[in-house]
Amino acid sequence: MTASPVFDVAGVSRVYPGTPPTLALDDIDLEVRDGEFLVLLGPSGCGKSTLLELLAGLQSADAGTIRYRGAPLAGPSAELGVVFQDPALYPWRTVARNVGLGLELRRGGRSERRARVLAELDRVGLAAFGDHYPHQLSGGMRQRAGIARALAGDPRVLLMDEPFGAVDHLTRVQLQQDLLQLWSEDRRTVVFVTHDVGEAVFLGDRVVLLSPRPGRVFREFDIAEPRPRRRGEPGLLSREAEIYDALRDLDAGPLAAADV
Ligand SMILES: Nc1ncnc2c1ncn2[C@@H]1O[C@H](COP(=O)(O)OP(=O)(O)OP(=O)(O)O)[C@@H](O)[C@H]1O
Ligand SMILES: [Mg+2]
């Protein structure tokens, strides 16, 4: 018997109310497998964040079903850690108290919580910055703090929405490397949203390409290149070229953006 997937998304659509209403996602079928690094790739406005929020239980589908480990997804859960594009740290809390925020709502003593926060800060290279405030950090460090906050709850799945979109290129390259290092330590399931083809191919086991709004699954790419990967290696570049070809088909194809 095969284990049920982490997420099983079947026939999911999402319509934002309004005049006219906006069909953001249309009939999405998607499986997320245990331990995989899945990348959702697509142009701006195609519904990536919407899909990620559906997986996080922060929105609900208007049609179709989402199952999490075999049971209908009921809402947000401590098993699902979310990293938003903007790390949204509270400016009046220290970095450590931001990272420990979710833990304060749970059982457990202060010293246990403190140890957990320090361990996660250490994992993302911020051990020396727990007592700093967010404004004293660089953009890349704030992103790391956002990742530490998601990891502090020890989620089984990490849902990441363009977490490196707002940092400079070299910082982004470093954060990608660090994220892969973290992932290789525990192989928890990751769903990672991006609109950057190079980032998708460098990080992912599998890349799911969505069409422009309304988002539909246009194509899937298995990226079987061995890890650790070297940026710019020929195998990865040819996968990038395939995805760029698919993006061209997408522009030329019948899947034009449409309102309902
Ligand atoms: N709260 C909302 N109310 C109405 N329409 C919305 C809302 N949020 C998103 N949309 C619409 O749904 C579509 C999908 O939005 P979404 O934010 O999921 O796209 P995205 O792929 O994450 O885009 P980006 O890459 O720019 O972040 C967009 O075209 C947007 O107009
Ligand atoms: Mg988005």
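Predicted model: local features only at pLDDT ≥ 70, side-chain atom pairs only at ≥ 80, totals over all residues.

## A helix and a ligand site

Now back up along the helix itself. Helix 6 covers residues 169–186, 18 residues in total, and runs 26 Å from its first C-alpha to its last, close to the 26 Å expected at 1.5 Å a residue. At its start, aspartate 168 puts a side-chain oxygen within 3.2 Å of the backbone nitrogen of leucine 170.

Quite a few of its residues are tucked away: Arg172, Val173, Leu175, Gln176, Leu179, Leu180, Leu182 and Trp183 are buried. The cover over them includes strand 3 (37–41), strand 7 (157–161) and strand 8 (189–194), along with helix 4 (110–123), helix 5 (139–152) and helix 7 (197–203).

On to ligand 1. The residues around it include Tyr16, Pro43, Lys48, Thr50 and Glu162. Sorted by class, the shell has five polar, four nonpolar and three charged residues. Helix 1 (residues 48–55) gives the most to this shell, with three residues.

| Residue | Part of the residue | Distance to a ligand 1 oxygen |
|---|---|---|
| Glycine 45 | polar backbone atom | 2.7 Å |
| Serine 49 | side-chain N or O atom | 2.8 Å |
| Arginine 213 | polar side-chain atom | 2.8 Å |

How much of ligand 1 does the protein bury? Taken alone, ligand 1 exposes 640 Å², and the protein buries 63% of that.

Definitions and conventions. Residues numbered from 1 in each chain as written. Chains lettered and ligands numbered in written order. Heavy atoms only, no water. Helix = DSSP H or I, 4+ residues; strand = E, 2+ residues; numbered from the N terminus. Expected span 1.5 Å × (residues − 1). Buried < 20%, exposed > 50% of the residue type's maximum accessible area, 1.4 Å probe, protein only. Contact = heavy atoms within 4.5 Å. Polar contact = N/O pair within 3.5 Å; in protein donor to acceptor, adjacent residues only side chain to side chain. Near = heavy atom within 4 Å. Areas by Shrake-Rupley, 256 points an atom, 1.4 Å probe, with all protein chains shown as cover. Nonpolar A, V, L, I, M, F, W, Y, C, P; charged D, E, K, R; others polar.
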